[in-house]
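Please read the following report with the sequence and the model side by side, and look for each residue as it is named.

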Amino acid sequence: MATLKQIRLRIRTAKNIQQITRAMKLVAAARLKKATDRVLEARPYSEKLKELMQSMSAAGELPSHPLMEKRPVKKYAVVLITAERGLAGSYNTNMIRRATEFLRDTPGEASLVTVGKKGQQFLARRGYRVAHSVTVPSAGARLQDAVEVTAKVRQMYESGEVDAVFICYSKFYSPIRQVPQVVQLLPIEPPPAADGHADSQSMSFEPSPEALLGTLLPRYLQGLVWQAMLEATASEHGSRMTAMTSATDNAGKMISNLTLKANRERQAGITKEILEVVSGAEALTA
């Protein structure tokens, strides 16, 4: 049974942990607000690019482009976005589990492009080939990180090193809900044309379709990567804030229980001392 001194030491340790988790929760909450704003600001741009691709696909057969070239998939690359550090609840675990399930179920030789140390360290130790790794700040991915990843996967695809590229990231819905998913990046497949789009006879291009695709497709690819990084950053901070909130509450409950236990031990010690004094007095008067 723990002594009163040991219980007080545990209380002091729990209070120190509570201070740390409370500070991490506040930092994560501030970063989550900024990350959420960035996600909401980037989504309209991504949607407009998607609408433009739908309009072009409604115009009929598109001219060929290296980023749209389809070939049998014998080798493929997966861009895995995880956190740079832990203490983010189940975020990293869920992302790694989703990536390993995809790698197990997808035939062919896989190469990895990792964003964040957690995914890179886990998969490299298990024998997966990491072709490129990007380290991001703790505050989240930057635009130059998306440019670097986009350039790498484009080079791998256009050189024939891989026949397809996928990205595994966490879709952000709320601080308590993030859904890991895998989306194909390359080859680029135009979204299906929605009802009501103009047909090929009423669509004209200025400049030419080839020039338009040459400018649009690289931007579309980079937009997909950047949007995925923004969603992943918001998901990470949301998961970390939720985890640190839970840890702070649990530390508070532990402190309350240990304080109650310490008070009981102290009262028991005082009662024991009083009984010893009374017993000694009675022995002297007997």
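Leaving aside its neighbours within four places in sequence, Val 79 is in contact with Val 113, Val 115, Val 149, Val 153, Val 165, Phe 166, Ile 167, Cys 168 and Leu 185, where contact means heavy atoms within 4.5 Å. This is a predicted model, in which local features need pLDDT of at least 70 and side-chain atom pairs count only at pLDDT 80 or more, while totals for chains, interfaces and linings use all residues. Residues are numbered from 1 along each chain as its sequence is written, and side-chain values use heavy atoms, with hydrogens and water left out.

The mean pLDDT (the predictor's confidence in each residue, from 0 to 100) is 86 for the protein, and 91% of its residues reach 70 or more.

Strands here are DSSP runs of E with at least two residues, and helices are runs of H or I with at least four, numbered from the N terminus. Two strands pair if DSSP finds at least two bridges between them. An open sheet of five strands has the order S3-S2-S1-S4-S5, with mixed pairing, and its edge strands, S3 (130-134) and S5, each pair on one side only. S4 and S5 pair in the antiparallel sense over nine bridges, and Cys 168 stands opposite Val 182 in S5.

Two helices lie across strands of this protein, with angles running from 0 to 180 degrees between N-to-C directions of axes fitted to C-alpha atoms, for helices over the stretch in contact.

| Helix | Lies across | Angle |
|---|---|---|
| H2 | S1, S2, S4 and S5 | about 170° to S1 |
| H4 | S1, S2, S3, S4 and S5 | about 165° to S3 |
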